[in-house]
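Here's a quick briefing on how two chains meet, plus a look at one residue inside the second chain. Have the model open while you read.

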Amino acid sequence: MRLHTRGLLAAVLLLITRAVDAAGLHVDGAWVREAPPGAAMLAAYLVVHNDGDRPRTLVSVDSPRFDFVMLHRSRVVDGVAHMEHVEQITIAPAGRVALQPGGYHLMMPAPEPPPRVGERIPLRLHFQDGETLQVEAPVRRAGDAP
Amino acid sequence: MHGHRRQAGRSEIWWIIPGVVIAALAWHFYPVSEPAAPPTLQKATLLPQPRAIADFHLVDHHGRTLNLARLRGHWSLLFFGYTHCPDVCPTTLQTLATTLKRLDAVPTKPELPQVIFISVDPDRDTPERLAAYVPYFDTRMLGATGKHQELEHLARQVGIVYARSRAGKDGNYLVDHSAAIVLFDPDGRLHAVFGAPHDPATLAADLQAIQRHYQDTRR
């Protein structure tokens, strides 16, 4: 009985902590670019909002649908497009970071069968403080209205 | 004294007549001989003089030769990239596809450009791969690639640079490449350059302004 109470208390505490954390961090506008036939690499995009009062850092993303997901960034420097791997993305308090075409994005190898419009792909975001966020990203053709 | 002055006045009148004729002729031919004012462009950079380039030899996604002759007779938009590029390249190709659709919808029916995606990664992008990849965006778009030497020969002439960058997590290498779109005129000369970032409305508007200016200057 005492053990049960303690377990329940721990679970409640954990839930409260989670809820507070989840309230401080949310993701919207997630989508995966439909793979053009023959494409070997794909990109996904989303916006991370930090509604809390301390910086939060996205360190990795995984998905059961992809072998790996990399944090990437496209940059045009002197007219030349570069793509680079980034270790982490920090979101300032009360700020947001948009992963969008031509900037930060998630890069994954195209799985077999490749994602098609209509599919929803689970993505799990891992933050430096151990927090994780689960989102479902619909597959879209770039250029489609969201 | 007075008579002499009158005589001088009369000879001046005789000079006025050919002057008026020349002025009339100049006025008549002025709109043809004087180039029209350069078009107002939102984004594109017009070359001061369209630049002729040396012939090149690539292979399109149908396996046919793509050379300078195939750029003549219509406007062409060229974009250089590679299919392993997940972000900038599909984004730009989608922008070009949307630009074509915007031009389709223009009531004055502007001349549609030929849109060519040139892969600077011929080791992975075969014509077959490009045949699957490029028409996905718009079936009117063409993919092409070629030997490294030929690609460099063309790229250098149109101010495009590219280079292999370090390998990714799975051993895949990346290719840094110019993000610009280059425009060839129907004479097969480099005519304008569109710098990144690209958007369909600006591309469509600038292209039409350039086409009108080109027509005006050769009337």
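Between chain A and chain B, twelve residue pairs are in polar contact, both at pLDDT 80 or more (N or O atoms within 3.5 Å; within protein, one able to donate a hydrogen and the other to accept it, and residues adjacent in sequence counting only if both atoms are side-chain atoms). This is a predicted model, where local features need pLDDT of at least 70, side-chain atom pairs count only at pLDDT 80 or more, and totals for chains, interfaces and linings use all residues. Residues are numbered from 1 along each chain as its sequence is written, chains are lettered from A in the order written, and side-chain values use heavy atoms, leaving out hydrogens and water.

**The interface**
- Strand 5 of chain A gives the most to the side touching chain B, with six residues (strands are DSSP runs of E, at least two residues, numbered from the N terminus).
- The contact takes 33 residues from chain A and 27 from chain B (contact: heavy atoms within 4.5 Å).

**Strand pairing across the chains**
- Strand 5 of chain A and strand 8 (residues 173–178) of chain B run antiparallel, joined by two bridges (pairing takes at least two DSSP bridges).
- A:Val80 sits opposite B:Ser178 in that strand of chain B.

**Inside chain B**
- B:Val182 belongs to strand 9 (residues 181–184) of chain B.
- B:Val182 is buried, at 1% relative accessible area (buried: under 20%, 1.4 Å probe, protein chains only).
- B:Leu77 is 105 residues from B:Val182 in sequence, yet their C-alphas are 5.7 Å apart.

Conventions:
Helix = DSSP H or I, 4+ residues; strand = E, 2+ residues; numbered from the N terminus. Buried < 20%, exposed > 50% of the residue type's maximum accessible area, 1.4 Å probe, protein only.
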